[in-house]
Amino acid sequence: KARDEKRKELLLKSKDILLVTCTRVTKGKNIEKLIDIISKLIETSEYNIKYLMIGFGNDKYSRSLKKYIKAKKNNQNFILLPFLNHEEVNKYYCASDIGVWPRAAISIQESMGTGLPIITPRRDTISHIIKDNMNGILYKKHLSVEIKKMLRLINDLKSPLSKSKRNILAEKNRDFLSYDVISMKLIK
């Protein structure tokens, strides 16, 4: 229900693909490179891709990054939001098709609870929760190639069974990511 409501609010069609990143927008994360990769993907893809970024502040860098995005010829495909409360962010995760994180963050695990497939760099801090081609993709160097792979997987999610597949993925993620499960492993 949250997915349908948020996608309607964002004026997305059922065939549109929504990528999402939720992270504090800071200079050290090299977000411009991520923007460039996704912008090129939007230009060259057979899909109508929208990119939602949650985490903008009112600081100099956030304003600068917004100008950088506005200068892109496909800037209408970017949706830029400030920090939001957990409940609202969760609804955006539900509305999204792929989560893209430039570095490890707790918001990755939060998004996985909605069954959102994740793309993030291969790092020791995250590799234990992303199971390649099951709930996401860990990439080494070429994010654009990995996004294209994920888009092929999304074709499967666009089938009539997509909601149930997403629910199954959410359940699988919760089976090994929930605090209850983790705490029981710690106690044993």
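Is R7 buried or exposed? I looked up the relative accessible area of R7 and found 7%, so R7 is buried (under 20% relative accessible area; exposed is over 50%, partly exposed in between, with a 1.4 Å probe and protein chains only).

I note that this is a predicted model, in which local features need pLDDT of at least 70, side-chain atom pairs count only at pLDDT 80 or more, and totals for chains, interfaces and linings use all residues. Residues are numbered from 1 along each chain as its sequence is written, and side-chain values use heavy atoms, with hydrogens and water left out.

**Salt bridges.** I then followed D97, which bridges to R3 at 2.8 Å, N to O. D97 sits in the loop between α4 (86-95) and β4 (98-100) and R3 in helix α1 (residues 2-9), so the pair ties together parts 94 residues apart in sequence. Helices (H or I, at least four residues) and strands (E, at least two) are DSSP runs, numbered from the N terminus.

I found D97 paired with R7 as well, with the closest N and O atoms 3.4 Å apart. This pair links distant parts of the chain, 90 residues apart. Through shared partners, R3, R7 and D97 form one network. D97 has 2% relative accessibility and therefore counts as buried.

**Within α1.** I recorded a salt bridge between K6 and E9 at 3.1 Å, N to O. Both residues lie in helix α1, three residues apart, about one turn of the helix. K6 is buried, at 4% relative accessible area.

Methods:
A salt bridge is a side-chain nitrogen of Lys or Arg within 4 Å of a carboxyl oxygen of Asp or Glu.
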